[in-house]
2 protein chains.
Amino acid sequence: MTLVAPRREARPVRIGRVAIGGTAPVAVQSMAKTPAADAPATLAQVFRLAEAGCEICRLAVPDRESLRAFAWVAARSPLPLVADIHFDHRLALDALASGAAKIRINPGNLGGEGPLREVAREATRSGAPIRVGVNLGSLEAGLARSLGHTAEAMARSALRYVADLEQWGVPGLVVSAKAPDVDRTVEAYRLLAGKTVWPLHLGVTEAGPGTAGLVKGALGIGLLLSEGIGDTIRVSLTGDPVTEVHAGYEILRGLGLRRRGPEIISCPMCGRCRLDVEAVVAEVQKRLAGSLAPHVIAVMGCAVNGPGEARRADVGLAGAGDGKAVLFAGGQVIRSVDTANAVDQLLEEIARLPAGGRRAEEESEAGV
Amino acid sequence: MTLVAPRREARPVRIGRVAIGGTAPVAVQSMAKTPAADAPATLAQVFRLAEAGCEICRLAVPDRESLRAFAWVAARSPLPLVADIHFDHRLALDALASGAAKIRINPGNLGGEGPLREVAREATRSGAPIRVGVNLGSLEAGLARSLGHTAEAMARSALRYVADLEQWGVPGLVVSAKAPDVDRTVEAYRLLAGKTVWPLHLGVTEAGPGTAGLVKGALGIGLLLSEGIGDTIRVSLTGDPVTEVHAGYEILRGLGLRRRGPEIISCPMCGRCRLDVEAVVAEVQKRLAGSLAPHVIAVMGCAVNGPGEARRADVGLAGAGDGKAVLFAGGQVIRSVDTANAVDQLLEEIARLPAGGRRAEEESEAGV
């Protein structure tokens, strides 16, 4: 049994220059959190997100003023932008005419069939796909009454609109059905996966802050990806959206789906610890911020697992006591270093590494 | 298909007063990170961990001085303590005589069969179980040569020692096989699950700092628990061990296995946000720190999913603009509040809730 099942094959859809579905890698996306009408602040955040590796960025468009900001940002954005529209379908029409690479709607709150048909027509004209984005918190009243706030109700709601939009003709669809808990989120996407050909956008919605949000997002998105379900992901977190992007890549890395930037293997520290692992790791992270090279760097407190892990990494450092640490690279002890300048020495070794890292090669030699 | 498969039935083992395996809930554990010889600092950290919900705490015992500290802490500890021993089996013997509720060893580094038999004898005398804790970074050289640094090599290493210890007689065993990546960790435990009757201690080792560590831990532990594998968990993180405990409970809550303390459903904020969700959530978390009541509290920025989520939570707050927010409880709008004192009002409503929370009841009414 492998970690990740073969990927469900979704019909490919293009969001600006980014392909999702088909054989495209799982795309990482996020959403701007600046006030929707504040165009310069939003553009600045989009640039920060792009730098962190975000591939698609969503902006809320709640009113006319935000629509003007959306158009301004779209004209300057380094990323394809998705307009997130609720209640007023005319905003969707105008966002499509203002550079939206995709629009996200919850069709149940757009005012009925007439407005939805208009949106489908305008999307066809502009070539932008539509995400049918159902959310447990805004589930249609009828389905909520008959089926409760269940995964099945979410999936049915999404599939009903997908069928309508397919019939009316659209350039492409993406589907999501998010709940604020792992259980209903996973169940809803499993239902969708078997019943639509379109790419699935994964996320646990309103996952919350910090540790709780990261864990919920990793569980929900991770379980689905491990089943081969999901074409693009967004980790919803209360806080800086850059963390959402980092978390997205960590989920993909953890499942062996994509690698971006350095991976730090560092011990949790314990009573044996002979190196300030936390401080060294923080310094290494700071100095490698923005690096795309997928090197594996080990920072270990002591001799129990230290040399073992450090050897298997591209570069490693293990505490040795008495103000000393040992530096490893390419499976060999390089030298003993003073902990005071251990980070400098570690960074020097990292700078010497081949861009793709060494570990993969070593492991293939070892027959792993 | 449910989120979590029926649990693998492991033979029950007692670690002091805490049972693992059998029908016991999955236990959350952590490890002290204070210097091993610093008894007062270690005891203080054990108390902090206990307050956070930690149920079993491991201490490193690398030398005689640490052994004295271990005995001192064990005599005063609110939690059963596990002595973590490498290289010197006499430390294991003495830790067992000094109040260890379990010892964790990697039998391959204890000096061969003779010392290991002595440890088994002393464990039998004291009644404490032994964790056979294999780690990829300290895999036996012979197995690493023949099988590479693989999940199979880890599982074989662990099972070989389990067989020896079973044969010599021990009061109980717990088994772990941790790698610093999700893939080999999951594979190793899957192999163990089918080949031993003993409880499994789950963890991704050296998972690293912050976001990366949390994601790796949640993925590895979460995937295994979802398959019904695992009896106790430890989330290894570079940093404060209290975060490890919180993360452990979040994993269990996310999978519906255990609930401890409030759950906050909060939106990720976006351009529509009309409430400082991040600040409100931080304040609510601060003021509910240490609360064990598993209430579901929603903090939502706007009207799109806000009222929906807030209604399904035990208590909820949704931004309404112009310095106002709406307070929900028991499925009803309670009142409009000024955002300036919204947290006070929210806390007042929380104080009025039944201890177990309302949501479960509501959902059963709604036929969910």
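**Salt bridges across the interface.** The rule asks for a side-chain nitrogen of Lys or Arg within 4 Å of a carboxyl oxygen of Asp or Glu. One that I looked up joins Lys216(B) to Glu263(A), with the closest N and O atoms 2.9 Å apart.

**Ground rules.** I am working with a predicted model, in which local features need pLDDT of at least 70, side-chain atom pairs count only at pLDDT 80 or more, and totals for chains, interfaces and linings use all residues. Side-chain values use heavy atoms, with hydrogens and water left out, residues are numbered from 1 along each chain as its sequence is written, and chains are lettered from A and ligands numbered from 1 in the order in which they are written.

**Polar contacts at the interface.** Between chain B and chain A I noted 18 residue pairs in polar contact, both residues at pLDDT 80 or more. Such a contact is a pair of N or O atoms within 3.5 Å; within protein, one must be able to donate a hydrogen and the other to accept it, and residues adjacent in sequence count only if both atoms are side-chain atoms.

**What chain B brings.** Among the elements giving two or more residues to the side of chain B that touches chain A are α7 (182-195), α8 (210-226) and β11 (263-266). Helices (H or I, at least four residues) and strands (E, at least two) are DSSP runs, numbered from the N terminus. Helix α8(B) gives the most, with 10 residues.

**Extent.** I see 81 residues of chain B in contact (heavy atoms within 4.5 Å) with 81 residues of chain A. Together the two chains bury about 6200 Å², 64% of it on carbon and sulfur atoms; this is the accessible area (1.4 Å probe) that two parts lose on being put together, summed over both.

**Salt bridges overall.** In one of them, Asp84(A) meets Arg104(A) at 3.2 Å, N to O. This pair links distant parts of the chain, 20 residues apart: Asp84(A) is in strand β5 and Arg104(A) in strand β6.

**Charge over a ring.** The charged end of Arg260(A) sits over the ring of Tyr249(A), 5.3 Å from its centre. In chain B, Arg260(B) lies over the face of Tyr249(B), at 5.3 Å from the ring centre. The test wants NZ of Lys or CZ of Arg within 6 Å of the ring centre and within 35 degrees of the ring normal.

**Val4(B).** I found Val4(B) in the segment before β1 (13-15) of chain B. Leaving out residues up to four places away in sequence, Val4(B) touches Leu225(B), Ser226(B), Leu255(B) and Leu257(B).
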